[in-house]
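Biologist: Could you walk me through one spot in this protein, starting with the whole chain and then zooming in on a single residue?

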Amino acid sequence: MLKGTGVSAGVGLGKALVLKEQELDWSGVRFAGETAEKQRLAAAAAAVSAKLDAMAAAMAEQVGAHAAEILAGQSMMLADPFMQGQMEEKIAGGATAEAAVDEVCQSFMQMFGAMEDELMRQRATDIGDLRARLLKTLLGIEEADLANAPAGSVLVARDFTPSMTVGIRRENVAGIITEVGGTTSHSAILARALEIPAVLGVPGALAAIATGQAIALDGERGHVYVEPDERTRKDYEARKAEFEAQRQLLKEYMEKPTVTAEGRSVALYANIGSPKDAEAALEKGAEGVGLFRTEFLFMDRAELPTEEEQLAAYRQVAALFAGKEVVIRTLDVGGDKAIPYLHMEREENPFLGHRAIRYCLDEPETYLVQLRALLRAGADHKNIKIMLPLVTGVEELRAAKALLERAKQQLAAEGLPYDAAAQVGVMIETPAAALAADILAGEAAFFSIGTNDLTQYTLAVDRGNPAVAKLYTPFHPAVLRSIRGVIEAGRAAHIPVGMCGEAAADPALIPLLLAWGLDEFSVSPSAVLATRRIISLWSTADAAFAAGEAMKLSATESIVGCLESLKKR
């Protein structure tokens, strides 16, 4: 058995299709002169850019906008004047276009690959994908076409890149295994979006597995069996059948309300990244939007989106969910979301740097455009709520509210309709916000707990670093106490508290959240029905018992074991 990280639930049974990286040998290419080489580079860049744009559009249609943003990010990198300038400098020094691409991309890959944060290391993967595309184009090498992968294929690769997903026939792919990647890597995001079982970070997978070998994999536990014995194969076949039966069972919950076993109503919303995602969320039965990431509007372009462009997107989602709440997070730029035209300075630790609400408050004119668009978009249906990311204290909340009042005054003076009563809430994703939740609750209209960052910052764990990945868990007593404290602070102040992090869909955590009184669960569209079903299995009394038993324990492993033993299936 091989062991990795299970990142996309489900059981996969099939034959291995090993995807070896193609040889990109440019050593025989002769320098054709500075002008000719620059022309070759420009032509290759234009061809790759056009293909990336087409692939992003196809991916948005097939997988969703959040996944398509990954390809859009590669397109932005290719358009980066700094990267282009470095390649042209290499050519001016006598390098071929291939050598320029290879040397510049390798230097960026080394720089990002050496960073501690996994999301920054993903940049190295993106640049590696971009390097391969440019070199293949320059060398006239055809891309491998996974559209022709035979039915029952288990893809085995060093990494599952965004370009591999385009044209892929989901029904033919039984599973994905890679040597690199973690829970929040691009590979994981893509696998979950495609709803394909996946195990990532399997050391030596390419050496241990050959094309044609029988494979059984568990996308939840992270187990991979090569040429499984009869007993293992039958066990996995039974579990696969059970998983598929559960998936069919979930369809019954499409039209059902989200209620506990005794009928207590709970709000079940979806996390989205674009109007296209909003349509998918509705189709999956979401009762509202708990997190609308607005970064997609700012990415894959050369300049800031106008107020009218932003207004159109926000208004579209508000109309789709008319009569239901739409929580829109203001620009969360920085960290892993570098936007070249904003000219943000490179930082040693961007996740603790000039990002999110910090950047926006320091760029009030840019922020005002978004706030005006949000207020105007809420005029028709009065269902938009504004959420502030990475807040650490009440000063930031007050400053944002002051800018919002300025935006209202501007709109009133211009005679433009807007929602004067739009609520402003806070995303609780820093230990500072969790510890000061009672203070923030006095001035925020609502809370939404972002468990992804709250867990990472509370435990001081880089969630993508394999050496410490096992320490990254929302079931650590410190994280659980933080979540409970935030919910209690919200209840004491009579403001609603939601959760928009990945943990909101965790079957083991759901009873604790119900026991503590979480008002709103916001999950990925694909997790809506499964979350609704789990909530329906728990009574308030059973949830309170589970929470009581778990919180008596002092060790993470014991808490997980306790909740696993009590988990309803």
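Modeller: Happy to! With 569 residues, a compact globule would have a radius of gyration near 25 Å, and the protein chain has 24 Å, which agrees (the radius is taken over C-alpha atoms, and the globule rule is 2.2 Å times the number of residues to the power 0.38). Please keep in mind that this is a predicted model, where local features need pLDDT of at least 70 and side-chain atom pairs count only at pLDDT 80 or more, while totals for chains, interfaces and linings use all residues. Residues are numbered from 1 along each chain as its sequence is written, and side-chain values use heavy atoms, leaving out hydrogens and water.

The C-alpha trace of the protein chain spans about 70 × 70 × 40 Å along its principal axes. The chain holds 22 helices and 16 strands (DSSP runs numbered from the N terminus: H or I of at least four residues for helices, E of at least two for strands). Of its 569 residues, 53% count as buried (under 20% relative accessible area, with a 1.4 Å probe and protein chains only).

Threonine 451 is buried, because its relative accessible area is 2%. Setting aside neighbours within four places in sequence, threonine 451 is in contact with Tyr472, Ile483, Met499, Gly501, Glu502 and Ala503 (contact means heavy atoms within 4.5 Å). For alanine 503 there is one further detail: its backbone nitrogen lies 3.4 Å from a polar atom of the threonine 451 side chain.

Methods
Buried means under 20% relative accessible area, exposed over 50%, partly exposed in between (1.4 Å probe, protein chains only). A polar contact is a pair of N or O atoms within 3.5 Å; within protein, one must be able to donate a hydrogen and the other to accept it, and residues adjacent in sequence count only if both atoms are side-chain atoms.
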